[in-house]
Amino acid sequence: MALPVEEWRQCAARRWAALEPALRERFAAASLHDTVRLGGGLLRPEAEAAALRRLCRRARTGKEPAAARFYREEGNRLFGRRRYDAAVRLYSQAASHELPGSPEVSVCFANRSAALFHLGHFEVCLEDIARAESHGYPDRLLPKVLLRKAECLLRLGRLQDAADALGGVENKIALDVVTISPTHQTLLKKLSQLKIEIHEEESCPEPAQEVSDDVPRKSEIWEENDSISGASSSLSLNFDRERGRHLVASQDILPGQSLLKEEAFVSVLCPGESLFLQDSSETAWDTRVTNADLYCHRCLRQLLASVPCRACSYAKYCSQTCADTAWEQYHQTECSLGALLLTLGVFCHVALRTVLLAGFAEVSRLVEQSHDGDEGLHNPEARCKHLSEAPGTRAGTRGIPGCNDDGQYQSSYQAVFNLLPHAEKHSPEHKFLCMLSVVAVCRHLQQAGLEAAVLNQESSEEWSKPETRETTSGELSPELQTVAEAMLRHMLQLQCNAQAITVMQESGSGDGAVVNKKPVRLATAFFPVLSLLNHSCCPNINVSFCGTAATVRASQPIPSGQEIFHCYGPHRCRMRVAERQQLLSQYFFECYCQACLEESQSDGKSVVTVRNSFCCPSCRAPMQVGEDMLCCSNEACAISVSRESLSRRLQDLQQQIEKALELLRDRNADQAIKMLLKCQTDARSFLSPEHLLMGQMEDHLAQIYATLGKWQEAARHLERSIEIVEKHHGPSSVEIGHELFKLAQILFNGFAVSEALSTIQRAEEILSVHCGPQSTQIQELQEMKTCLSDLPRSILQRI
């Protein structure tokens, strides 16, 4: 949710409509500085501020012991059913709601360690056991946990540590037990078994090896650019009035070559909708898993056993180090604003965190600089015109907006600040909404006594006495007005410069032999160097992410002198030119890329239009495009059908496909197959054979047959799906790479060795170009290839 919740948008719209016409005109023409100055007092305590408080109560971000009990009990229930993955998530939720230092939080960590042990995550299990001990786990329960610790150490091959842990358990039992209870008899029996296992392991010549993720991986050749941080030396930064700042190939570039590696200046995890409850009186807690439960809120690393924030239930981290770093850099200020930031949307959250990471001194310097009278020097829009008319602009980067005094473009706050906010192009209503939102945040900071933290000062006494800051109108202090102006600038910038950090996430239950993955938006970020890339509906690069880092690779040969193009979202293979232009209007430009020009010249007959078209219900010839009526292209047939009736049939078909997938989720595979086969028969009567929906049905059938272990049937259907995907996206597209990865899994599981090896090779070639040799999919493909290559010759001959 990039923008605020709908109710707050409506509230801001009503406030805007109630303003005097003259004041609305002043807002429409105002600079960012004047917008904040004019609007600082418009957030009325009895109206907008009160409405915002009511909305914030829907977002539960505080510690709630009752919620902790609920999640812990749910975790125990699922643990008893051996659903250990789900139990881990629920114990993490419980821990996030427990008050710091409470004995109950130690029980959450101990219970989670048990689930982790059953999942085979022994190192992480040991970390949770240590957390349980440090949080005061009850002495009477400690022997059982210490035995689990010894078992983990044994499984990891750390025999001496395991023996020492067992000695501690023995001492604990000897000291605490006068009468041996049945529970302790069980523990003593387990203790004896572990001692025998340790003795056997000590006599074994090859002790167990700890599994490590640090597998040697192929390194990429890289020579960094002297002028652009994180960029390859094969790029140069150019500037002209038409294209603004942009990157150009300074030498011939090969497919798969790395062009840019950039760490996000700031990133904010996109929240889950389950955090919001429609009725604040509700007491039931949601057990649905969202990104907020799956990924570290600082580094975006996938979570296994999260470390909760000390003060809120929302922020979760992959380690104590990440938790402490986040607290020091920004979360100590954001923590109490959790519900407010969730209500006001990710863009507002990114804007605040950007300011906090930059530091008030740098923010103030650049804001004041933007107020200078020389618009040609400090306003990026005006400076663009000035620079484009200057002689020798292409020869160097000195003076280009965002570059430092040495002419270097770095991934810095200065570069972020100089990204274009397009303040004059946003609608006055949108600017007003953003202004009210940032003022609400700054007002909360002032009222909560957090202003000093934002200004990077020890206490408010350093700059003023509190009473001198109070005004009857609730006006912001001059310092917070500067913060609000910077935040407003960043909120407006994000509409054109926000980068979605995406990950390939498993879809479905994730317990099948074939893993189906799809790209999911994980976070919103500022990448100042990546933002230099202009848009094309048919780009020549691909962007992949690892945590908060972006890597740009060439997806096709790029000759020297050609511009580097990024796709902002609507690719030519997925959307018609008219629809693309409508979506791109949010970036305040009309696209004239090669793909749009070619499609416009062909009367809008794009790849999407032709292949996602209807066919004649009678003779199955393509239907000719029309407004209300579609005519058969076969003159001998000449049947006409209304577009509305065909669209209704398509909608009904999609609903039937969804019902078939529900049957699959309910583990009723046979009925799901019957329904999908019937859907295919219906679809062939009115859809083009190359329609993407035809491919999706083949993909669903492949998934079902794979769950049944019918690998040949699964491969056959997936190969048909790949044929359709290839016609839409091309034989070297990343989409084909992902589909081939799935086919490789099916062929591998079906022991179709030669077919699997050839599919693995093709998938590797494509995915290494788009995702690089270090991607997880490439590693999995190489593991499959090694496993197949190592099969004994006698087995291969029988297959």
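Predicted model: local features only at pLDDT ≥ 70, side-chain atom pairs only at ≥ 80, totals over all residues.
Student: Why are helix 16 and helix 23 called roughly perpendicular to each other?
Tutor: Look at the angle. The axes of helix 16 (residues 360-370) and helix 23 (residues 478-497) cross at roughly 75°. Angles of 65 to 115 degrees count as roughly perpendicular, and therefore the two helices get that label. Their axes also come within 10 Å.

Student: Which residues make the contact?
Tutor: On helix 16 you have Phe-360, Val-363, Ser-364, Val-367 and Ser-370. Helix 23 brings Glu-479, Thr-482, Val-483, Glu-485 and Ala-486. Sorted by kind, the contact has 5 nonpolar, 3 polar and 2 charged residues.

Student: On to the rings. How many aromatic pairs does a search of the whole structure find?
Tutor: It finds 11 aromatic pairs.

Student: What makes the pair of Phe-70 and Tyr-71 edge-to-face?
Tutor: The planes of the two rings are at 70°, and planes over 60 degrees apart count as edge-to-face. The ring centres are 5.3 Å apart, and the limit for a pair is 6.5 Å.

Student: Is Tyr-71 buried or exposed, and how do you know?
Tutor: Tyr-71 has a relative accessible area of 4%. Buried means under 20%, so Tyr-71 is buried.

Student: And why does Phe-70 count as partly exposed?
Tutor: Phe-70 has 25% relative accessibility. Buried is under 20% and exposed is over 50%, with partly exposed in between, so that is where Phe-70 goes.

Student: Why is the pair of Phe-614 and Phe-686 called stacked?
Tutor: Their planes are at 20°, and planes under 30 degrees apart count as stacked. The centres of these rings are 6.2 Å apart. Phe-614 sits in the loop between helix 26 and strand 13, while Phe-686 is in the loop between helix 28 and helix 29, so the pair ties together parts that are 72 residues apart in sequence. Both Phe-614 and Phe-686 are buried.

Student: Where does Arg-310 lie?
Tutor: Arg-310 lies over the face of Trp-327, at 4.3 Å from the ring centre. The distance limit for a charge over a ring is 6 Å. Arg-489 lies over the face of Phe-417, at 4.1 Å from the ring centre.

Student: One last thing: what makes Gln-761 partly exposed?
Tutor: Gln-761, in helix 32, has a relative accessible area of 48%. Exposed means over 50% and buried means under 20%, so Gln-761 is partly exposed.

Notes: Residues numbered from 1 in each chain as written. Heavy atoms only, no water. Axes fitted to C-alpha atoms, helices over the stretch in contact; angles between N-to-C directions. Helix = DSSP H or I, 4+ residues; strand = E, 2+ residues; numbered from the N terminus. Parallel < 35°, antiparallel > 145°, perpendicular 65-115°, else oblique. Contact = heavy atoms within 4.5 Å. Nonpolar A, V, L, I, M, F, W, Y, C, P; charged D, E, K, R; others polar. Phe/Tyr/Trp six-rings, centres within 6.5 Å; stacked < 30°, edge-to-face > 60°. Buried < 20%, exposed > 50% of the residue type's maximum accessible area, 1.4 Å probe, protein only. Lys NZ or Arg CZ within 6 Å of the ring centre and 35° of its normal.
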